[in-house]
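Here is a short briefing on how one protein chain is put together.

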Amino acid sequence: MNEPRLIDLARTRGRPDTPARRHLARIVAAATANPAGILVDTAVRCRRRPGRRRCVGWIATRRQDLPEEIHWSCPACGDGGVARGWRQSPWSFGTAVRKLAEPAADAVAFTLPEPLYRAMEATELPDARTRRVVLGATHEEAGVRLEGAPDVVRRLQRHLASLAGRAASARRRQQVARIARLMARDLGPPPASAPGG
Ligand SMILES: [Zn+2]
């Protein structure tokens with residue numbers, strides 16, 4: 001186990017963007033998209049390359065709100081750290097969105113293979129609630145699992161359906177179509193109209 005690195009995001013604000021910072025940003029988003037106090041198997045890949053080969057691990061996080069800390073680690077290589085001062089960072093979901101992460105009886109879920117999840121992760125999403133569902137995804141045997149309130153997941157499904165028609169390349173169009181098919185398999189077809197967008 002390496003000694004965990006402590007990073008206070010409140011003190012590093014305005015620093016230039018680096019791969020390490022982007023990685024931490026993604027970890028903060030995943031941790032604040034999920035409930036506090038539990039271990040989350042995020043959909044974030046470890047970025048270490050021990051022996052010049054990419055680590056196969058996925059980052060696990062545990063967030064506590066008082067004091068404000070996100071503990072993260074890679075179970076495969078032991079890389080890890082503690083982030084503080086994330087609450088005011090642009091990568092952290094605010095309190096209202098964080099509340100949506102609490103387990104709900106009516107939550108719905110769907111699973112995507114990792115490459116399709118990465119494609120979805122890279123799309124511009126309509127709002128913070130749909131972003132929470134995507135960035136808060138967890139990984140499991142079958143792939144990457146996305147879960148959220150039915151109306152939010154439905155909005156995400158409509159968004160994907162709308163992207164299919166304006167994808168820039170044939171490859172992109174195929175990806176979007178495959179995502180739409182897998183969502184429809186798990187959730188049923190997308191609703192035709194959008195109450196409130
Ligand atoms: Zn690792």
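The centres of domain 1 and domain 2, taken over C-alpha atoms, are 22 Å apart. The model is predicted: local features need pLDDT of at least 70, side-chain atom pairs count only at pLDDT 80 or more, and totals for chains, interfaces and linings use all residues. Residues are numbered from 1 along each chain as its sequence is written.

- The domain assignment places domain 1 at 5–97 and domain 2 at 103–187. Such bounds come from an automatic or database domain assignment.
- Domain 1 gives 12 residues to the contact, and domain 2 gives 11 residues. Two residues are in contact if their C-beta atoms, placed from the backbone, lie within 7 Å.
- On the side of domain 1 that touches domain 2, helix 1 (19–32) and strand 2 (39–45) are the elements that give two or more residues. Helices (H or I, at least four residues) and strands (E, at least two) are DSSP runs, numbered from the N terminus.
- Strand 2 supplies the largest share of that side, 4 residues.
- By class, that side of domain 1 has 9 nonpolar, 2 polar and 1 charged residues. Ala, Val, Leu, Ile, Met, Phe, Trp, Tyr, Cys and Pro count as nonpolar, Asp, Glu, Lys and Arg as charged, and the others, Gly among them, as polar.

**Strand pairing around strand 5**

- Strand 1 (residues 5–8) pairs with strand 5 (residues 80–84) in the parallel sense, over 4 bridges. Strands pair if DSSP finds at least two bridges between them.
- Strand 4 (residues 68–73) runs antiparallel to strand 5, and 5 bridges join them.
- Arg84 in strand 5 is the bridge partner of Asp8. Arg84 is also the bridge partner of Glu69.

**Helix 6 and its partners**

- Helix 5 (residues 150–164) and helix 6 (residues 170–187) have axes that come within 9 Å and cross at roughly 150 degrees. Helix 5 is therefore roughly antiparallel to helix 6.
- Axes are lines fitted to C-alpha atoms, for helices over the stretch in contact, and angles run from 0 to 180 degrees between N-to-C directions. Angles under 35 degrees count as roughly parallel, over 145 as roughly antiparallel, 65 to 115 as roughly perpendicular and the rest as oblique.
- From helix 5, the contact residues are Val153, Gln157, Leu160, Ala161, Leu163 and Ala164. They meet Arg173, Val176, Ala177, Ile179, Ala180, Met183 and Leu187 of helix 6.
- This contact of helix 5 with helix 6 holds 11 nonpolar, 1 polar and 1 charged residues.
- The axes of helix 3 (residues 114–121) and helix 6 come within 10 Å and cross at roughly 110 degrees. Helix 3 is therefore roughly perpendicular to helix 6.
- Leu116, Ala119 and Met120 of helix 3 make the contact with Gln175, Arg178, Ile179 and Leu182 of helix 6.
- The contact of helix 3 with helix 6 has 5 nonpolar, 1 polar and 1 charged residues.

**Helix 4 on helix 5**

- Helix 4 (residues 128–135) packs on helix 5 at an angle of about 90 degrees, with their axes 9 Å apart. The two helices, helix 4 and helix 5, are therefore roughly perpendicular to each other.
- Arg129, Thr130 and Val133 represent helix 4 in the contact, and Val152, Val153, Arg155, Leu156 and His159 represent helix 5.
- The residues of this contact of helix 4 with helix 5 divide into 4 nonpolar, 2 polar and 2 charged.
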